[in-house]
Amino acid sequence: MKYETVIILDFGGLYNQLIARKIRDNNIFCEVLPFDTPLSEIKAKNPKGIIFTGGPVDATDEEAPLADKGIFELGIPILGICYGCQFIGYSFGSDVMPVELNENSVYNAEFADSAELFSNINKNADVMMSNTYALKEAPSGFEITAKTENCIIAAIENKSKKLYAFQFHPEIVETPLGNQILKNFLFNICNLKGDWEMNEFALNMIETLKEKIGSKKALCALSGGVDSTVSAIMIQKAIGDNLICIFVDHGLMRLNEGDEVMEVFKKFGLNVIRVNAQDRFLDKLKDVIDHEKKSKIIGEEFIRVFEEEAKKIGDIDFLVQGTIYPDIIESGTKDKAVIKSHHNVGGLPDVINFKEIIEPLRDLFKDEVRKVGLALGIDESLVFRQPFPGPGLGVRVIGEITKEKLDILRHTDFIYREEIKKANLDRVIWQYFTVLTGLKSVGVFADERTYAYTVALRAVTSVDAMTATWYPIPFDILDIISKRIVNEVPHVNRIVLDITSKPPATIEWE
Ligand code: XMP
């Protein structure tokens, strides 16, 4: 490997890819590998540091994931986080015991002066713990370097063996000094320089794709959003004209969106086929109310359309998708709960007639995808387009989806976007859209009683869509938007404002 590398051994924790992105944020190349990756494979990558992630079980459990203990003899600095900490302690003879946690699990930790890992930080700080097990004693040769009220062994280190471990999570915002602690590990202990940039990700990925696809053909699902566009441009750079893109107009797009995105694709010289499948999607969605069902139907129909197009073209082995990491995590994995099925992950049918699905961005977060997009020379106007979900307005019509409801939603969304742009808030707000709630209520218009739809306005700021904060649009702008929508859009007589953050809500309503 050309760049200094950190290996992250994945023991199944919820935040593992977040650790990876924190490492990348420090301009360091890292790879997430399964916990049981053979030692020879790890050594071949010549890592300068190794991180053991958290995981859902107790290290003494019979089924507990265990790495090859030979890893401790490599002389490479190792940082164990949460389960990783217990695994290190247990491997060196310490026992593990259950601990009680408060609901929010944020504790004040006291760090030892002598600790290399906590050398240049405040000696008292909040840390987030999500573990239900902890070490019973420090293993021999290890020093205890942090404690909290409920956990007397919150961190340990063995300087001569270069082993460092703690029970809390440095990768999430609830541990405010987490970044500095990771930096201490990376730069002071592993002596890394930070020689990697996001454009290296693009260059490496293009090479990998070249090797993988060779002279075969690939079909790319293009939606007009930044994720699929960045994926397509990377594949185009790898295989040129052997990339055929399909843009499915499923009738769930915003106003004029189909024509607009086709124009943009033309500019990039992408080979795009537009499939008008509006009626087909609406037929399948008729009478469907359950949001998971809707997502699955949209996901399946997407794939069926691609399969049919692939058959027409013939000789296509690969399907390319712009899936990014939050789509995967929210759709649930083997040991992580389903939050909602994103159409391109949990919404995929079980049987797919492609040799392989390629998802070049599956380990990245949205803001990282944007960095890759800029590195590839894609226009800022496209790179900073607000995210738009693959199922489109389908996740914004609550209840049954009909053409009439979609037209109402499209119109309200258009007005909302126009006013946000006029107010110069379009680059400030991460995502803003209208939702056609399933609710109708009584109103009055021109002295007549109305019984019409309630439309919700949603606006959030976010960094990576994993969490989001509702955005306080000034009242005078809200007033303009509200008046315009009820005056200009038939069948809408009430506007409400969604003022919830994520969590507990998600960004989209479905
Ligand atoms: P949520 O609603 O889960 O959304 O907070 C996080 C981000 O993902 C987008 N989103 C989707 N994107 N297919 C997609 O391609 C989907 O099914 C889907 N659901 C949500 C959402 O717009 C937000 O940016």
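Asn158 stands opposite Leu163 in strand S11, and that pair is a handy way into this predicted model.

Strand S11 covers residues 163-166. Leu163 and Ala165 point one way from it, while Tyr164 and Phe166 point the other way, and all are buried.

| Partner of S11 | Residues of partner | Sense | Bridges | Facing residues |
|---|---|---|---|---|
| S4 | 78-81 | parallel | four | Leu79 and Tyr164 |

So what links S10 to S11? The two strands form a hairpin with four residues between them. Lys162 takes a positive phi near 60 degrees in that hairpin.

Now for the whole protein chain. DSSP runs give it 14 helices and 20 strands. Its radius of gyration is 25 Å, which agrees with the value near 24 Å that a compact globule of 510 residues would have. Along the principal axes, the C-alpha trace spans about 80 × 60 × 40 Å.

Inside, buried residues make up 55% of the 510. Take the contacts with a separation of 6 or more: 73% of them come from residues 24 or more positions apart.

Key: Residues are numbered from 1 along each chain as its sequence is written. This is a predicted model: local features need pLDDT of at least 70, side-chain atom pairs count only at pLDDT 80 or more; totals for chains, interfaces and linings use all residues. Side-chain values use heavy atoms; hydrogens and water are left out. Buried means under 20% relative accessible area, exposed over 50%, partly exposed in between (1.4 Å probe, protein chains only). Two strands pair if DSSP finds at least two bridges between them. The radius of gyration is taken over C-alpha atoms; the globule rule is 2.2 Å times the number of residues to the power 0.38. Contact means heavy atoms within 4.5 Å.
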